[in-house]
Amino acid sequence: MCHMSACAFLSYVSIVFMKLVPLQPIKSRPQFLKIATLSVVFCGSVVGGNISLRYLPVSFNQAVGATTPFFTALFAYFMTFKREAWVTYAALVPVVAGVVIASGGEPGFHWFGFIMCLSATAARAFKSVLQGILLSSEGEKLNSMNLLLYMSPIAVLVLVPAVLIMEPNVLEVILSLGKQHRYMWLLLFINSTMAYSANLSNFLVTKHTSALTLQVLGNAKGAVAVVISILLFRNPVTVVGIGGYTMTVLGVVAYGEAKRRFR
């Protein structure tokens with residue numbers, strides 16, 4: 001909710017006061033419904049992913065999340081009739097397989113957690129395709145900052161009830177943390193501002209490449225995150241893990257080359 005509030009506020013300041021891009025009005029009811037759907041699906045994917053972590057090991061959650069490019073390719077085909085060259089689809093195999101291998105075989109399995117994780121993964125893919133339509137469709141095209149401006153307040157309205165129901169004592173906790181830790185409010189502000197930058201970049205990548213490229217880069221991000229976490233926290237790694245993430249990075253390189261050669 002903090003992230004979406006920051007996105008709404010910073011988008012408004014950037015468009016209305018700083019005039020970085022012109023304000024684009026919503027042109028039709030169907031366009032508004034698509035933006036509202038995008039907001040709800042976004043919230044569902046984040047909340048569903050968080051719920052699944054209560055029941056599934058992180059490694060298994062990672063393995064399921066690695067299938068996002070597959071769902072994205074599926075939704076893109078059925079929603080926009082966009083087909084890629086077979087070589088491009090083949091490049092997705094090492095991208096997905098690498099993260100699955102790196103995650104390792106975890107014995108912990110919970111059906112509800114698995115369903116929530118799979119639903120969140122599919123929702124994330126659906127969101128990518130839908131935002132691609134809103135950013136690129138001739139009749140409903142919005143620039144990235146305007147889409148974020150309209151999407152964020154709807155997401156906040158969806159998340160406020162979720163916060164009050166799922167985190168009933170959240171205000172007490174955050175005020176207590178603010179008193180205990182001098183830099184808590186500053187860190188929360190920086191964190192929320194970075195979320196705005198991440199969401200804006202997310203939309204820009206989708207606009208200038210494709211929804212599928214965005215999700216493949218997401219898997220590459222997982223590999224980068226592992227490297228950074230090793231350097232920062234000195235957490236132990238296995239040969240299987242290193243091999244899996246190396247496969248993912250090579251898959252991303254192969255995917256980029258396939259997209260370049262087979263446009």
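Trainee: How many helices and how many strands does the protein have?
Mentor: This is a predicted model, in which local features need pLDDT of at least 70 and side-chain atom pairs count only at pLDDT 80 or more, while totals for chains, interfaces and linings use all residues. Residues are numbered from 1 along each chain as its sequence is written, and side-chain values use heavy atoms, with hydrogens and water left out. Helices (H or I, at least four residues) and strands (E, at least two) are DSSP runs numbered from the N terminus, and from that end the elements run α-α-α-α-α-α-α-α-α-α-α. The count is therefore eleven helices and zero strands.

Trainee: What percentage of the contacts with a separation of 6 or more comes from residues 24 or more positions apart?
Mentor: A contact here means heavy atoms within 4.5 Å. Among the contacts in the protein with a separation of 6 or more, the share of residues 24 or more positions apart is 84%.

Trainee: What percentage of the 263 residues is buried?
Mentor: The classes rest on relative accessible area, with buried under 20%, exposed over 50% and partly exposed in between, using a 1.4 Å probe and protein chains only. Of the 263 residues in the protein, the buried ones make up 42%.

Trainee: Is leucine 187 buried or exposed?
Mentor: Leucine 187 lies in helix 9, and Leu187 is one of the residues of a nonpolar surface patch that also includes Tyr183 and Met194. With a relative accessible area of 54%, leucine 187 is exposed.

Trainee: Which residues touch serine 210, not counting those up to four places away in sequence?
Mentor: Serine 210 sits in the loop between helix 9 and helix 10 (211-233), and its relative accessible area of 5% makes it buried. Its C-alpha is 6.9 Å from that of glycine 132, although the two are 78 residues apart in sequence. The residues touching serine 210 are Lys82, Val205, Tyr255 and Lys259.

Trainee: Why does threonine 121 count as buried?
Mentor: Threonine 121 is in helix 6 (residues 111-136), and leaving aside neighbours within four places in sequence, threonine 121 is in contact with Val64, Gly65, Thr67, Thr68 and Phe71. Threonine 121 counts as buried because its relative accessibility is 1%.

Trainee: What relative accessibility does leucine 135 have?
Mentor: Leucine 135 is also placed in helix 6, and beyond four places in sequence its contacts include Leu142, Leu147 and Phe203. Leucine 135 counts as buried, at a relative accessibility of 0%.

Trainee: Which residues are in contact with phenylalanine 112, leaving aside its neighbours within four places in sequence?
Mentor: Phenylalanine 112 belongs to helix 6 and is partly exposed, with a relative accessible area of 40%. Its C-alpha and that of leucine 56, 56 residues apart along the chain, are separated by 9.2 Å. The contacts of phenylalanine 112 are Ile51 and Tyr55.

Trainee: What value is phi of lysine 19 near?
Mentor: Lysine 19 lies in the loop between helix 1 (2-17) and helix 2 (29-52), and is exposed, with a relative accessible area of 61%. Its phi is positive, in a residue other than glycine, and is near 55 degrees.

Definitions and conventions
Patch = residues over 30% accessible without salt bridge, like charges linked within 9 Å, V, L, I, M, F, W, Y side chains within 5 Å. Areas by Shrake-Rupley, 256 points an atom, 1.4 Å probe, with all protein chains shown as cover. Salt bridge = Lys/Arg side-chain N within 4 Å of Asp/Glu carboxyl O.
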